[in-house]
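Please examine the sequence and the structure shown below. A short report on selected features accompanies them.

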Amino acid sequence: MKYATSSALTIAGTDPTGGAGIQADLKSFQEREVYGMSVVTSVVAQNTLGVQSIEHLSVSFIEKQLESVFNDIVPDVVKTGMIATPEMMEVVSHAIKSNHVPYVLDPVMVAKSGDHLMDKESRQTIREALVPLSTVITPNIPEAEELLEVSIQSTEDAEIAAKRIVEELGAQSAIVKGGHFAGDAIDILFDGKKIYKFPTERINTKHTHGTGCTYSAVIAAEIAKGKSIYESVAIAKQFITDAIRFSLEIGRGNGPTNHWGYRLQGVPENKTKEAN
Ligand SMILES: Nc1ncnc2c1ncn2[C@@H]1O[C@H](COP(=O)(O)OP(=O)(O)O)[C@@H](O)[C@H]1O
Ligand SMILES: Cc1ncc(COP(=O)(O)OP(=O)(O)O)c(N)n1
């Protein structure tokens with residue numbers, strides 16, 4: 001039987017324990033019923049305790065993988081995660097420009113464990129080669145600070161940052177995620193016209209490995225299906241909140257999110273909060 005299905009390509013690094021990176025992206029695409037494809041940039045030896053070692057693939061081999069995908073199946077959306085070097089960013093930029101696909105940029109810089117996943121010298125290249133191509137960019141607070149070279153201390157600062165990322169750096173829309181603030185987890189979306197706030201109560205858990213990857217992958221999956229940026233973020237916010245509430249206490253460190261567990265067990269209605 002033939003199905004017409006939406007498809008998404010993730011270009012990112014790996015997590016052999018499955019909580020973050022390409023593995024988290026593919027699981028999230030599957031949960032949202034979108035056909036997932038992947039191009040590996042770096043192989044990362046990591047687990048719930050942190051990053052132990054990183055090996056980058058050569059730029060020419062990343063290019064070969066991109067050609068294999070784009071010469072056969074043009075995805076409905078591209079999502080990028082860990083892209084460590086300026087040279088890798090240039091080939092990814094070229095592939096996105098040549099194929100005119102919607103693009104979700106998760107500007108992965110430092111894992112929650114404190115390990116660096118992007119080289120320092122890539123900061124200017126991400127601003128120039130990737131941000132202006134993005135349909136939506138999804139920085140956390142430290143990443144937004146790095147992109148703009150400012151300090152973000154409040155929700156008001158995050159609103160200004162989301163606007164500046166669009167108006168000065170050239171993204172089509174920007175979500176500054178509130179996972180790193182204290183208090184409620186409030187994400188700020190600026191879609192080029194208006195600011196939207198997506199608040200949820202903070203869930204008291206240390207098991208949040210892979211939240212950013214999962215969130216941006218769901219946004220990408222919804223864009224692939226033709227949803228608006230606002231609708232895609234609203235769905236992703238609900239998804240990540242449910243997945244954190246059911247996060248897994250596996251491993252010896254910070255366990256991964258678990259939307260599959262939520263789907264199987266359900267969650268009491270009074271535990272969810274609508275985005276506004
Ligand atoms: N403890 C938490 N409770 C509820 N939501 C959270 C929590 N931590 C992160 N989030 C949400 O998870 C998503 C990813 O955010 P964040 O953790 O800041 O990204 P990253 O993994 O890139 O640092 C955002 O929607 C954020 O608001
Ligand atoms: C290969 C790879 N890419 C990205 C991350 C960062 O993932 P994130 O979702 O921000 O969650 P933490 O790992 O920071 O908890 C990663 N770890 N590995």
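The report covers a strand hairpin, a helix pair and a ligand shell.

This is a predicted model, in which local features need pLDDT of at least 70, side-chain atom pairs count only at pLDDT 80 or more, and totals for chains, interfaces and linings use all residues. Residues are numbered from 1 along each chain as its sequence is written, and chains are lettered from A and ligands numbered from 1 in the order in which they are written.

Helices (H or I, at least four residues) and strands (E, at least two) are DSSP runs, numbered from the N terminus. The elements discussed are listed here.

| Element | Residues |
|---|---|
| Helix H3 | 86–99 |
| Helix H4 | 123–130 |
| Strand E9 | 185–190 |
| Strand E10 | 195–200 |
| Helix H7 | 211–224 |
| Helix H8 | 229–245 |

Strands E9 and E10 run antiparallel and are joined by six bridges; pairing requires at least two DSSP bridges. Leu 189 has Tyr 196 of E10 as its bridge partner. Four residues lie between the strands of this hairpin, where Gly 192 adopts a positive phi near 100°.

Helices H3 and H4 pack at about 5°, with axes 9 Å apart (axes are lines fitted to C-alpha atoms over the stretch in contact, and angles run from 0 to 180 degrees between N-to-C directions). H3 and H4 are therefore roughly parallel (angles under 35 degrees). Pro 86, Met 89, Glu 90 and Ser 93 of H3 meet Thr 125, Ile 126, Ala 129 and Leu 130 of H4 (C-beta atoms, placed from the backbone, within 7 Å).

Around ligand 1 there are 18 residues, of which Asn 140, Gly 179, Ala 185, Ile 203 and Gly 212 come nearest (C-beta atom, placed from the backbone, within 6 Å). E9, H7 and H8 each give two or more residues to this shell, and H8 gives the most, with four residues.

Technical notes: Parallel < 35°, antiparallel > 145°, perpendicular 65-115°, else oblique. Contact = placed C-beta atoms within 7 Å.
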